[in-house]
Amino acid sequence: MPTTPPPTYPRSAGLSVLRLALRLRRRSPSLSLLLHRRSAAVAGVLLLLLAGVMVLSACVGQAYVSPGEVWRVLRGHGGPYDLIVGELRVPRIVLGAMVGAALGLSGALVQTVTRNPLASPDVIGVGHGAAAATVLALATGTIASPGALPVIAVTGGLAAAALVYVLAWRHGMQPSRFVLTGVGIGVALSAVVQLYLTESELAAAEQVKLWLTGSLNGRGWEQAGPLGWVLLLSLPALAWASRALRPLGLDSDTAAALGVRVHRTQLGLTVLGVVLAATATGAAGPIGFVALTAPQLARRITRTPQLPLVASALTGAVILVAADLAARTLMPPLEIPVGALTALVGGPYLLWLLAAPGGRGR
């Protein structure tokens with residue numbers, strides 16, 4: 001049976017078609033992949049930049065460790081820096097990269113669904129839901145210390161996002177209603193957190209406040225393991241999402257005319273984004289502005305019509321690892337919570353995004 005050749009794209013569009021022949025049978029179909037050449041090049045540069053920032057973060061601190069010693073520890077040869085590099089810095093750096101990648105991916109998915117570059121998982125209540133569930137668990141004695149918070153935080157984030165979705169649904173999901181409902185739910189949940197902080201004892205309030213700021217201090221493989229599994233298991237869904245993002249860049253009627261089940265696709269992308277954001281929040285606490293800034297920065301660098309998932313993940317990882325490095329080294333021996341630093345940098349970026357042409361929507 002003759003097969004239809006894949007469509008050709010002009011070279012000016014920056015696109016290439018990769019055809020992978022599957023030779024499992026005699027007449028096996030070929031798999032065509034659309035590749036944006038600039039995005040692939042940017043992803044390669046970002047990957048190298050991330051590796052460089054991670055190595056620098058492993059070397060720099062209150063005690064400087066040479067790259068050779070870091071490599072020696074990573075190979076398991078032992079040495080005087082096993083504790084500093086192998087048990088303190090490397091797990092924290094790996095966790096920071098995974099949290100940044102998860103937030104970058106989540107932000108790209110949520111911004112695509114809402115068609116709003118100012119949207120982020122926090123807007124739809126993920127961070128506020130995680131915080132409210134945490135303080136309620138502490139207030140009712142369900143858990144005894146913030147060390148047992150990740151599962152509670154993930155559950156709260158998922159529940160808050162589900163509530164927003166249900167309340168915003170009116171014969172379909174309108175992005176503006178979805179965002180406004182998320183803002184309202186977030187304000188209500190934030191009030192619950194503030195009430196707990198006002199009425200609780202000083203020691204408990206200080207512990208919760210540190211978690212609410214978002215920090216990688218004291219975190220390592222115990223938090224990185226669950227997040228790594230979530231990212232790994234999400235790879236097939238992310239491969240589907242990368243294809244689903246293209247038609248959703250059009251208006252809903254056009255996408256539906258092309259055969260896309262718009263509401264089901266929006267629901268799937270939202271669930272995937274919420275799961276990634278909630279898991280990242282459970283691992284490191286609510287870290288603001290990474291999910292907001294990473295996708296938009298990646299889009300401006302790659303110059304793609306849709307938000308690029310791979311570049312968004314790598315941009316988020318670079319931002320968070322670099323921010324954590326700055327948080328550890330700016331005011332030694334004091335350590336700034338990385339969430340406070342990203343908020344400090346993200347505020348001016350948000351103002352710039354609001355002032356930029358088209359900054360309030362697509």
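**Exercise 1. Is Arg-303 buried or exposed?**

Solution. 
Step 1. Note the source: this is a predicted model.
Step 2. Take the relative accessibility of Arg-303, which is 61%.
Step 3. Apply the cut-off: exposed means over 50% relative accessible area.
Step 4. Arg-303 therefore counts as exposed.
Step 5. Arg-303 sits in the loop between H12 and helix H13 (309-329).

**Exercise 2. Examine the backbone of Arg-303 and Phe-289. What is the phi of Arg-303, and what is the phi of Phe-289?**

Solution. 
Step 1. Recall the background: most residues other than glycine have a negative phi.
Step 2. Arg-303 is not a glycine, yet its phi is positive, at about 60°.
Step 3. Phe-289 is not a glycine either, and its phi is positive, at about 75°.
Step 4. Locate Phe-289. It belongs to the loop between helix H11 (262-284) and helix H12 (290-302).
Step 5. Classify Phe-289. Its relative accessible area is 25%, so it is partly exposed.

**Exercise 3. Find the salt bridges. How many does the structure hold, and which residues do they join into one network?**

Solution. 
Step 1. Count them: the structure holds two salt bridges.
Step 2. Take the pair Arg-92 and Asp-324. Their closest N and O atoms are 2.8 Å apart.
Step 3. Locate both ends. Arg-92 is in helix H3 (residues 82-114) and Asp-324 is in helix H13, 232 residues apart, so this pair links distant parts of the chain.
Step 4. Check burial with the cut-off of under 20% relative accessible area. Arg-92 has 7%, so it is buried. Asp-324 has 2%, so it is buried too.
Step 5. Take the pair Arg-92 and Glu-335. Here the closest N and O atoms are 2.5 Å apart.
Step 6. Locate the new partner. Glu-335 lies in the loop between H13 and H14, while Arg-92 is in helix H3, so the pair ties together parts that are 243 residues apart in sequence.
Step 7. Check the accessibility of Glu-335. At 31% it counts as partly exposed.
Step 8. The salt bridges share partners and join Arg-92, Asp-324 and Glu-335 into one network.

**Exercise 4. Describe the enclosed space. How many cavities of 30 Å³ or more does a search of the whole structure find?**

Solution. 
Step 1. The search of the whole structure finds one cavity of 30 Å³ or more.
Step 2. The largest cavity holds about 110 Å³ of space.
Step 3. It is lined by 17 residues, and those closest to its centre are Leu-103, Asp-122, Thr-281, Ile-287 and Ala-291.
Step 4. Assign the lining to elements. H3, H4, H11 and H12 each supply at least two residues. H11 has the largest share, with three residues.
Step 5. Sort the lining of the largest cavity by class: 11 nonpolar, five polar and one charged.

**Exercise 5. Turn to the second largest pocket. Which element gives the most to its lining?**

Solution. 
Step 1. The volume of the second largest pocket is about 420 Å³.
Step 2. Its lining has 21 residues, with Asp-122, Gly-127, His-128, Gly-186 and Ser-190 nearest its centre.
Step 3. Two or more lining residues come from each of helix H4 (126-140), helix H6 (175-199), helix H7 (202-213) and helix H14 (338-355).
Step 4. H6 gives the most, with eight residues.
Step 5. By class, this pocket's lining has 11 nonpolar, nine polar and one charged residues.
Step 6. Look for a link to Exercise 4. Asp-122 is among the residues nearest the centre of this pocket, and Asp-122 is also among those closest to the centre of the largest cavity.

Definitions and conventions
Residues numbered from 1 in each chain as written. Predicted model: local features only at pLDDT ≥ 70, side-chain atom pairs only at ≥ 80, totals over all residues. Heavy atoms only, no water. 1 Å grid on protein atoms, 1.4 Å probe; cavity = no way out; pocket = protein on both sides within 12 Å on 5 of 7 lines; lining within 4 Å. Points joined across faces, edges and corners; volume = space filled by probe spheres on them. Helix = DSSP H or I, 4+ residues; strand = E, 2+ residues; numbered from the N terminus. Nonpolar A, V, L, I, M, F, W, Y, C, P; charged D, E, K, R; others polar. Buried < 20%, exposed > 50% of the residue type's maximum accessible area, 1.4 Å probe, protein only. Salt bridge = Lys/Arg side-chain N within 4 Å of Asp/Glu carboxyl O.
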